[in-house]
Amino acid sequence: MRYSSLFLFLFFLVSCATPQAVPTPIPSKTLEPATETPEPSLTPTKLKTATPASTPTQVWVRRGPGIVHCTILLYHHVAISPIESQYYIHPENFASQMKALDEWGYTPIPLSLLVKAIEEGAALPQKPVVISFDDGRMDIYETAFPIMQEYDFPGVFYIISGGLGDKDLVGVDELKEMAEAGWEIGSHSHSHADLSKITVEASYREVVLSRDVLEEALGFPVTSFAYPFGTITEKAGQQIHIAEYESAAGLGHTDSQGPGNLFYLQRRPISWDYDLKRFAIVLGWEGPLSIEETSTP
Ligand SMILES: [Zn+2]
């Protein structure tokens with residue numbers, strides 16, 4: 001049969017052409033929705049060895065362009081709360097959550113990589129997650145940053161440009177150190193004003209000029225914005241584009257990130273009273289919690 005001869009010939013060609021080197025990731029040609037087929041050899045152990053910020057290994061698969069499923073966590077403080085506040089995550093709880101991410105096979109990625117996947121497609125780990133922080137609190141540098149460094153987890157830190165270096169807020173030195181470790185720095189406005197309650201001119205300062213202030217102080221590009229209180233207005237939305245941010249982050253209840261919400265990425269605030277069970281629900285993790293729960297009321 002001619003077909004079987006042809007098949008054998010093709011098989012011979014393919015066999016000869018197969019490189020002996022370490023297999024590289026094969027980008028999926030499928031566009032949206034992103035490839036969801038897990039690699040057969042994928043194990044949580046392998047994911048733990050994935051390098052989040054730079055070199056994709058064979059377990060990373062191409063996602064996007066289009067909608068990419070990636071939970072974006074949002075924290076404000078990692079410290080023992082002086083008051084009863086939902087914004088303060090106890091350091092032990094935060095450490096448990098980072099350990100859980102690691103054990104459950106999640107790989108924190110830079111926000112810019114998620115944006116790249118949405119816009120043009122990019123190789124992502126099987127279970128990507130972005131860890132974001134608002135307000136520029138010093139306790140994030142002092143407590144969250146070292147805990148995340150143990151796992152090589154990058155974060156994105158949204159800074160109030162008018163408060164740079166103020167009491168209890170990080171300054172240029174801390175931010176440069178974090179950036180060198182793979183963190184990304186975004187603008188969280190100039191004065192943390194509610195953008196829905198100020199004039200167009202004041203909003204311009206909060207959205208557009210805050211980027212200039214941060215870039216001048218830090219000496220590297222600031223490409224993302226986070227709306228104070230998660231509040232977006234039509235004028236602020238226009239100013240985001242005037243400032244040429246590549247993305248902007250708001251609040252939400254989904255892990256669905258895509259071209260339609262690139263300038264209002266959905267973030268899941270983590271509250272002070274979340275135990276690992278609740279944390280797992282936020283991530284959509286359905287496996288065993290496996291590590292001892294830390295519950296600090
Ligand atoms: Zn804020």
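**Note on the predicted model**

1. Apart from its neighbours within four places in sequence, Ala-79 is in contact with Tyr-88, Pro-91, Asp-139 and Thr-143 (contact: C-beta atoms, placed from the backbone, within 7 Å). Residue numbers start from 1 along each chain as its sequence is written. The model is predicted: local features need pLDDT of at least 70, side-chain atom pairs count only at pLDDT 80 or more, and totals for chains, interfaces and linings use all residues.

2. Ala-79 lies in the loop between β4 (77–78) and β5 (88–89). Ala-79 counts as buried because 20 C-beta neighbours lie inside 10 Å (buried: 20 or more other C-beta atoms within 10 Å; exposed: 12 or fewer; partly exposed: in between; C-beta atoms are placed from the backbone).

3. For the protein as a whole, the secondary structure comprises 9 helices and 14 strands (DSSP runs numbered from the N terminus: helices H or I of at least four residues, strands E of at least two). The protein has 297 residues, and 40% of them count as buried. Of the contacts between residues at least 6 apart in sequence, 70% join residues at least 24 apart.

4. Strand β9 (residues 156–159) is covered on both faces. Val-156 and Tyr-158 are buried on one side, and Phe-157 and Ile-159 are buried on the other. Strand β8 (residues 128–134) pairs with β9 in the parallel sense over 3 bridges (pairing: at least two DSSP bridges between the strands). Here Asp-134 has Tyr-158 of β9 as its bridge partner. The chain passes from β8 through helix α5 (residues 138–149) to β9 in a right-handed β-α-β crossover (right-handed: with the strands pointing away from the viewer, the path from the first strand over the helix to the second runs clockwise).

5. Which residue of β10 is the bridge partner of Tyr-158? The partner is Gly-186. Strand β10 (residues 184–187) and β9 pair in the parallel sense over 4 bridges. A right-handed β-α-β unit is formed by β9, helix α6 (residues 172–180) and β10. Both faces of β10 are covered as well, with Glu-184 and Gly-186 buried on one side and Ile-185 and Ser-187 buried on the other.

6. Helix α7 (residues 200–218) and helix α8 (residues 234–242) have axes that come within 9 Å and cross at roughly 45 degrees (axes: lines fitted to C-alpha atoms, for helices over the stretch in contact; angles run from 0 to 180 degrees between N-to-C directions). On the α7 side the contact is made by Val-200, Ser-203, Tyr-204, Val-207 and Val-208. The α8 side contributes Lys-235, Ala-236, Gln-239, Ile-240 and Ile-242.

7. Backbone geometry deserves attention at the following loop positions. The peptide bond from Gly-64 to Pro-65 is cis, with omega near 0 degrees; Pro-65 is in the loop between β1 (61–63) and β2 (68–69).

8. Asp-152 is not a glycine, yet has a positive phi of about 60 degrees. This residue sits in the loop between α5 and β9. Asp-152 counts as partly exposed because 15 C-beta neighbours lie inside 10 Å.

9. Another non-glycine residue, His-192, has a positive phi of about 65 degrees. His-192 is located in the loop between β10 and α7 and is partly exposed, with 16 other C-beta atoms within 10 Å.

How values were computed
Two residues are in contact if their C-beta atoms, placed from the backbone, lie within 7 Å.
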